[in-house]
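Here's a quick briefing on how the two parts of this chain sit against each other. Have a look at the model first, then read on.

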Amino acid sequence: MKIADLTVMELQERLRSGLVYQIGPFKFQLTVKNCKTLVSQLHWLFAHYPTFSQPHLIDFAIQVKRPQLWRRWWRPQVEFKADGNPGMAPFPLDHALPMLEWGSNWCIATHAHRYLMLHAAVVERNGHAILFPAWPGSGKSTLCAALSLSGWRMLSDEFGLLEPESGLLQPLPKLIPLKNTSIEVMKRFSPEAVIGPLFEKTRKGMVAHFRPPAASIEQAQEKARPRWIIFPRYKAGANNVLVPVEKSQALLRLANNAFNYKLLATTGFQAARQLVDQCHCYELNFDSLRAIIPLLLSLYEQEFISPPVNNKNRVVNETAD
């Protein structure tokens with residue numbers, strides 16, 4: 001059963017006692033109390049996630065609820081609770097959804113150490129994945145959302161989850177938090193983009209959440225083999241080309257990008273080294289989604305379908321890879 005199969009009233013009732021839903025490999029038990037607006041937003045944006053009526057082993061028990069005392073009436077707030085202490089101060093009540101998303105990210109980042117966790121978006125095509133490691137402000141999330149509507153399957157936006165044993169990437173199709181100007185960029189990019197309400201003046205500016213396509217959620221158990229590592233950076237006036245990066249530099253950048261590289265120690269180093277060894281590594285400065293999407297498709301086609309034709313001149317210094 002999917003969350004969309006429930007009515008809003010049924011969802012609200014399930015949330016009172018603890019709704020169990022799954023994103024990628026993780027099962028969450030979410031309890032929501034006295035946040036009616038959040039219930040409606042979850043019914044819309046979480047529509048394609050599977051939910052379970054029978055008791056299940058869960059990874060994270062989380063709560064979003066209004067605090068007691070006078071804050072229920074004056075400048076109402078909402079709190080996020082989890083197994084452990086996320087260290088999150090209360091948010092304004094109307095920011096409950098961003099709080100839920102950032103709180104659940106905290107749960108994953110602090111517990112899922114069976115993976116090497118990279119701060120990266122991931123998309124795939126026919127089992128071959130592109131990893132986009134980047135820090136906030138690089139355009140990573142916008143690029144990931146646009147590719148997910150352009151023939152690529154979205155695996156994840158915030159976490160690139162790499163299994164050290166298999167070298168495969170585990171999908172984690174959470175909502176994509178678009179920020180500031182990227183919200184309008186995605187609305188103009190495609191009428192198929194499902195984007196939630198605007199949240200203004202959050203700690204990360206204006207935020208709206210992009211809902212992953214249904215197919216990305218339905219295939220969330222299908223892992224992918226990393227084939228390319230591309231370090232993206234949005235820059236006005238950029239020339240939209242892929243520039244090869246030496247593997248030694250790519251390894252250093254991945255080590256600095258990972259959430260738990262030091263914690264995993266030797267396992268983390270070996271996983272990152274294996275990842276770099278099996279991938280082509282590039283840097284991408286871009287200012288146009290329309291220009292980049294065919295370029296990335298040509299990268300895939302060069303490898304798996306046909307020799308390069310039109311875009312060969314846009315990948316420079318090929319011998320450096």
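Contact here means heavy atoms within 4.5 Å. On that basis, 26 residues of domain 1 touch 28 residues of domain 2. Keep in mind that this is a predicted model.

**The two domains**
- The chain splits into domain 1, covering 3-110, and domain 2, covering 116-304.
- Taken over C-alpha atoms, their centres lie 26 Å apart.

**The interface by area**
- Interface size is often quoted as the accessible area lost when the parts come together.
- For domain 1 and domain 2, that comes to about 2,400 Å² buried, with carbon and sulfur atoms giving 69% of the area.
- On the domain 1 side, Leu45, His48 and Trp102 lose the most area to domain 2, together making up 26% of what that side buries.

**Polar links and who supplies them**
- The rule picks out 1 salt bridge across the interface of domain 1 and domain 2.
- Lys174 and Glu101 pair up through their side chains in a salt bridge, at 3.1 Å from N to O.
- There are also 7 residue pairs in polar contact across the interface of domain 1 and domain 2.
- Strand E1 (19-23), helix H2 (36-45) and H3 each put at least two residues into the side of domain 1 that touches domain 2.
- H3 gives the most to that side, with 8 residues.

**A look at His95**
- His95 sits in the loop between strand E6 (91-92) and helix H3 (96-111).
- His95 counts as buried because its relative accessibility is 8%, and the cut-off is under 20%.
- Beyond its neighbours within four places in sequence, His95 is in contact with Phe199, Glu200, Lys201 and Thr202.

Technical notes
Residues are numbered from 1 along each chain as its sequence is written. This is a predicted model: local features need pLDDT of at least 70, side-chain atom pairs count only at pLDDT 80 or more; totals for chains, interfaces and linings use all residues. Side-chain values use heavy atoms; hydrogens and water are left out. Helices (H or I, at least four residues) and strands (E, at least two) are DSSP runs, numbered from the N terminus. Buried means under 20% relative accessible area, exposed over 50%, partly exposed in between (1.4 Å probe, protein chains only). Domain bounds come from an automatic or database domain assignment. Buried area is the accessible area (1.4 Å probe) that two parts lose on being put together, summed over both. A salt bridge is a side-chain nitrogen of Lys or Arg within 4 Å of a carboxyl oxygen of Asp or Glu. A polar contact is a pair of N or O atoms within 3.5 Å; within protein, one must be able to donate a hydrogen and the other to accept it, and residues adjacent in sequence count only if both atoms are side-chain atoms.
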